[in-house]
Amino acid sequence: MDALRRRVLTYGGYDELWSDDYRLRIRYHRPREYYLRLVNGVWEPEDTVHPFMAQYLRSAAVFACAAEKCADIHDICEYLSDCEALLPEELLRLLLDDRGLSMDEAMRLVIKVFGRALKHIGDHDFLFDMQPRTAALTKVLKDELPKYILHEPYNADYRSPLGAVECGSEIRLSACAFGVEIPKLHLDCGEAHLELEPQGGDLDFRFTLELSGDWRYRFVSDNGKSDEARLTVYKKGFATPDWAKGRVMYQIFPDRFGFGDCAQGIEYHRSLGQTPELHGSIADPVRWQARSFESDYSPDDFYGGTLDGIRKKLPYLRSLGVGIIYLNPVVEARSNHRYDCSDYTKVDPILGSVEDYVNLCADAKRLGIAVISDGVFSHTGADSVYFNRYGSYPSLGAWQSEESPYRKWYDFGDYPQGYRCWWGFRELPEVRESDPDWQDCVISGDDAIVKLWLRRGASGWRLDVADELPDDVLELIRRSAKAEKPDALIIGEVWEDAVSKVSYGSARNYALGYSLDSVMNYPFRKAVTDFVLSHLSSFRLRDFLLSQKFNYPKPMYECLMNLLGSHDVERLHTLLSIGVGVADMSRPRQAELRLTPEQSEHGTRLQRLAAAIQYSVPGIPCLYYGDEECLDGGRDPFNRAPFEPQKRGLYSYYARLGELRRLHPALMHGDMELCCPSEDVIEIYRKTESETLVCVVNRSRCDLALGFAGTPLLGVGKQTSLPAMSAELYLL
């Protein structure tokens, strides 16, 4: 069918056919055919018809157009929300008869599309001569409406203030009921439950909450109830470091970036009886198999990245607009990933010295770059001064003697073989975070590890496996770090929604102002990659972005670590090139994985879209080292390949994004609004009082005509149009 022409069928009659299981099927008869043409954005019948018939035909044409543009029925209704021509009973007919939805599903979608306008629905008797089934549904619609209550949590008409609120704030929630009953408001948070009556006999509720948490609420009447909504209440006075908000972050796996002379460090580890292996070239593939003398693969192959080498790369990082460096662990450890700490107080000799760390932080600070260290506090290495299972160190470790000063750090059953370890890995014995001596050494003592590295120049901590650290310990870390450096940034490794996160049977308070300033935003990664891979519509991406905006406390939302790649997931370019994750692939299969030129080109194109979104939303965009040049790889260890910058691939693109973010306050601190012209297009508006920018992402294979005129900043689009499968930032 011509995109500018539509056929619409009406029927002179219909039969209701009921199945044995009471399912209704409609059989239409006496069809009549009409054609409409799009004229100045409005569908007009080609033949002269009665004005009422024209109104109905336009309504049907709009739905047919939406069904072509969107695959998912919910997205169809999102698209229809901006269409004035649609009739509610016609939408109900199409949802029930053409799409097979249940009455409840269909009614909820109709209410979502039409909202308060349904309170004033007319009789539309003229429909009996055009589409009698639609006319019959007018009464059905009116009969069903009293069962539903409308509340829109992201709409200021229904909720004030919008978003998360501090404890003690006055909150106003209102609803729209289609019946005569006055609803009650039910609020639940864990074991806390409140039931409120409306003030003044209307549908308006005003109250305060003094208990922080992830509250869920709904309006309930005798006839029906609203959908459940969320209300985040966080600690009064919660604040996060202003210096971090909006900056670009760059994550570095230290052994694989900024290479130098590490021969002495290798020899040091060998002197302890360990088996480090130094690659002869960064062109060597990462080792992923056990060696002849090993029963299991040991990640102790090194490429020679050093802290001084990273320091020398600071001008390169500044050219990317980087304002924060997140370093994977740099403390002494047996492995290349160093999540098996051997000594919290020392820099691993392969990376250099404490002086090198101090110099890196100092030089970075002069360039306006902060350094964040990785804190691995839920466990240590078995080969460490604390546990000393292999006797590598002169200290008396917990494994060697029950008289060890570190014995109470660990839980033993059958001493010494039976000890609690992280996810069953024998090389990672877990610590008892409640032990006073451990807390004094690591967190709260005058020379505690948390304070020590801040004194050496770190601007904050990324806390590994925050799930494994109890809330009171996380709070203690926060207090200790802030006491040492009041503007220290505390980021937690949290893979799920940090507000609603439940672990080990308890709701966590990560996002409520007690322990963390920010979290690694893995849900953001999934939503953005799913969108550019066409697994998720723009409407669903919009809903996700809005849910984070309105459910995270603003202090945390403004400094969310918005990542698309990290050391724990497959490389971004690989994921986008092949279209699926590699988590289910075996290591041999991942080692053999090679992209075709066509796959690589496609992945690069999609990565541009993902990066544009990442750099256009509020928070801290985090770039994993090498992603700027489309480095490929599966999961650990293939996502940790060595990288020497060549300024190829997407380097210039990321450098421009970083520059624009630095130059435009709207991208750093502006409010965000979202618009979805279709399921393939999202527009991200960032606004301050002085400027407005919009990022337009068009994942479709068709050029996009824009509804505004703006100055393109990336050099991809034109003032009023955007090519297929591209993204552009416009200054309005």
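**View 1. Ser 678, tucked into a strand.** At 15% relative accessibility, Ser 678 counts as buried, since buried means under 20% relative accessible area, exposed over 50%, and partly exposed in between (1.4 Å probe, protein chains only). The residue sits in strand E28 (residues 671-678). Helices (H or I, at least four residues) and strands (E, at least two) are DSSP runs, numbered from the N terminus. Setting aside neighbours within four places in sequence, Ser 678 is in contact with Ser 538 and Phe 539; contact means heavy atoms within 4.5 Å.

A quick note for all the views: this is a predicted model, where local features need pLDDT of at least 70, side-chain atom pairs count only at pLDDT 80 or more, and totals for chains, interfaces and linings use all residues. Residues are numbered from 1 along each chain as its sequence is written, and side-chain values use heavy atoms, with hydrogens and water left out.

**View 2. Helix H9, with a buried face.** Helix H9 (residues 354-366) has 13 residues, which at 1.5 Å a residue should span 18 Å; its end C-alpha atoms are 19 Å apart, which agrees. (The expected span is 1.5 Å times one less than the number of residues.) Tyr 357, Leu 360, Cys 361 and Ala 364 are the buried ones to look for in H9. Seen down the axis, the buried residues of H9 fall within an arc of 90°, so they line one face of the helix; the arc is that of the directions from the helix axis to the C-beta atoms. Over on the other side, Glu 355 and Arg 366 are exposed. Among the elements covering the buried residues of H9 are helix H7 (307-312), strand E19 (341-347) and helix H11 (449-455). After H9 comes Gly 368, with a positive phi near 80°.

**View 3. Tyr 357 and the largest nonpolar core.** The largest nonpolar core has 176 residues, and Tyr 357 is listed with Leu 91, Tyr 250, Leu 327 and Phe 377 as having the most contacts inside it. Such a core is a set of buried Ala, Val, Leu, Ile, Met, Phe, Trp, Tyr and Cys residues joined through side-chain atoms within 4.5 Å. Helix H1 (residues 51-69) gives the largest share of this core, nine residues.

**View 4. An open sheet of five strands.** The strand order is E6-E13-E12-E9-E10, with mixed pairing; two strands pair if DSSP finds at least two bridges between them. Strands E6 (165-166) and E10 (192-196) stand at the edges, each with a single partner strand, so one side of each is left without a neighbour in the sheet. Strands E9 (residues 184-189) and E12 (residues 213-220) run antiparallel, joined by five bridges.
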